[in-house]
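Here is a brief report on the fold of a two-chain model. Keep the sequence and the structure in view while reading.

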Amino acid sequence: MSAPRRPTDPSGLERYYVLTGGRSGPGGSASSLDVATLIVSRTAPEPGMQHEHEEILRRCRDPLSVAELGAHLGLPFNILAVLLADLLEAGRVEARDPIPAHEAGRGPDLALLEEVLSGLQRL
Amino acid sequence: MDFKGFDHPGGPDAGGTRSVKVMIAGGFGTGKTTMVRSVSDIKPLTTEETLTQASADVDHLIGVADKTQTTVSLDFGKIGINEQLVLYLFGTPGQERFWFLWNGLFKGALGAVVLVDTRRLASSFRAIEEMERQNVPFVIALNVFPDSQQHPIEEIRDALDISPHTPIVACDARDRASSRDVLVALIRHLKDRSAVALEPR
């Protein structure tokens with residue numbers, strides 16, 4: 001909720017540039033990534049991989065949202081999305097988009113809402 | 001090393017876990033982060049987006065370190081609904097004018113809670129307008145601050161110009177059970193809407 005601000009680390013941009021090879025946005029399958037998309041590793045990290053790729057595979061053995069991954073790795077969404085695009089293209093991770101609110105113009109599935117409701121009521 | 005789940009991508013480990021998302025919106029200082037914090041199972045985290053990358057142009061160099069870099073933060077938390085389903089809660093950035101820059105911020109959300117501070121109704125006008133514009137179903141949660149005066153809900157509905165179908169509930173965003181009840185009100189509202197949509201015309 002904090003106000004937009006300049007990056008506090010002036011070297012951040014150069015770091016991002018190196019991490020992404022200068023790419024600013026993901027293409028293909030990763031362009032639909034949402035902050036709530038769950039990422040799940042499909043393969044183990046391999047020696048010689050880019051450190052961040054390795055880190056993503058390690059952290060996503062159990063499904064983890066893009067938002068959590070970004071917070072843990074200290075990477076903004078768009079930079080992380082570029083890295084995830086590499087892994088998605090290589091088939092190393094699977095991305096599960098959040099269950100959408102509207103499918104084919106209808107409201108959310110009643111069974112899903114029922115499930116959410118009973119989960120909340122157990123809190 | 002233990003690589004559980006890697007051999008059975010569809011198995012019960014990594015499982016078929018899916019996510020749903022709910023947005024917590026409202027004006028500056030209405031208690032969005034407080035609500036995320038009180039109801040989340042995890043310590044709330046922050047994720048960021050740098051806004052100069054709003055256009056996804058692959059050839060555009062991001063290394064141009066000039067003054068136009070702005071960062072917008074989203075505080076978020078999560079609630080384990082059951083073993084197969086996780087609910088993510090995202091507190092929207094304070095400045096509503098940046099919402100549209102975060103591509104698809106509200107897309108795919110089940111719905112939203114719009115927090116309102118009854119001492120400063122106007123601070124949530126923009127959030128309400130934005131929900132209506134983006135067609136996001138929402139409930140209004142009046143965050144009752146210690147020095148808030150009691151207003152009849154219908155008075156507030158008039159003042160905010162809220163449709164009679166949109167629920168308005170009072171809450172204390174600092175309180176877990178109270179925040180949970182707001183989410184319950186939102187999901188009930190979504191159910192009602194779905195039920196209406198499914199009725200034959």
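## Chain A

In chain A, 71% of the contacts with a separation of 6 or more are between residues 24 or more positions apart. The model is predicted. Chain A has 123 residues, and 43% of them count as buried.

Five helices and three strands make up the secondary structure elements of chain A. Along the sequence they follow the pattern α-β-α-β-α-α-β-α.

## Chain B: overview

Chain B has 201 residues, of which 40% are buried. Among its contacts with a separation of 6 or more, residues 24 or more positions apart account for 74%.

Chain B contains four helices and seven strands. From the N terminus, the order is β-α-β-β-β-β-α-β-α-β-α.

## The sheet of chain B

In what order do the seven strands of the open sheet stand? The order is β2-β3-β4-β1-β5-β6-β7 in chain B, and the pairing is mixed. Two strands of chain B stand at the edges: β2 (45–50) and β7 (168–171). Each has a single partner strand, so one side of each is left without a neighbour in the sheet. On average, neighbouring strands of this sheet are turned by 30 degrees against each other, direction ignored.

Strands of a sheet pair through backbone hydrogen bonds, and the pairing is either parallel or antiparallel.

Strand β4 of chain B spans residues 85–91. Is this strand mostly covered or mostly open? It is mostly covered: six of its seven residues are buried.

Strand β1(B), residues 18–26, runs parallel to β4(B), and seven bridges join the two. Strand β3(B), residues 71–82, runs antiparallel to β4(B), also with seven bridges. Leu85(B) takes part in both pairings. It is the bridge partner of Arg18(B) and of Asn82(B). A hairpin links β3(B) to β4(B) through two residues.

Which strands does helix α1 of chain B lie across? Helix α1(B), residues 32–39, lies across β1, β3, β4 and β5 (109–117) of chain B. Helix α1(B) runs at about 30 degrees to β3(B).

Notes. Residues numbered from 1 in each chain as written. Chains lettered and ligands numbered in written order. Predicted model: local features only at pLDDT ≥ 70, side-chain atom pairs only at ≥ 80, totals over all residues. Buried ≥ 20, exposed ≤ 12 C-beta atoms within 10 Å, placed from the backbone. Contact = placed C-beta atoms within 7 Å. Pairing = 2+ DSSP bridges. Axes fitted to C-alpha atoms, helices over the stretch in contact; angles between N-to-C directions.
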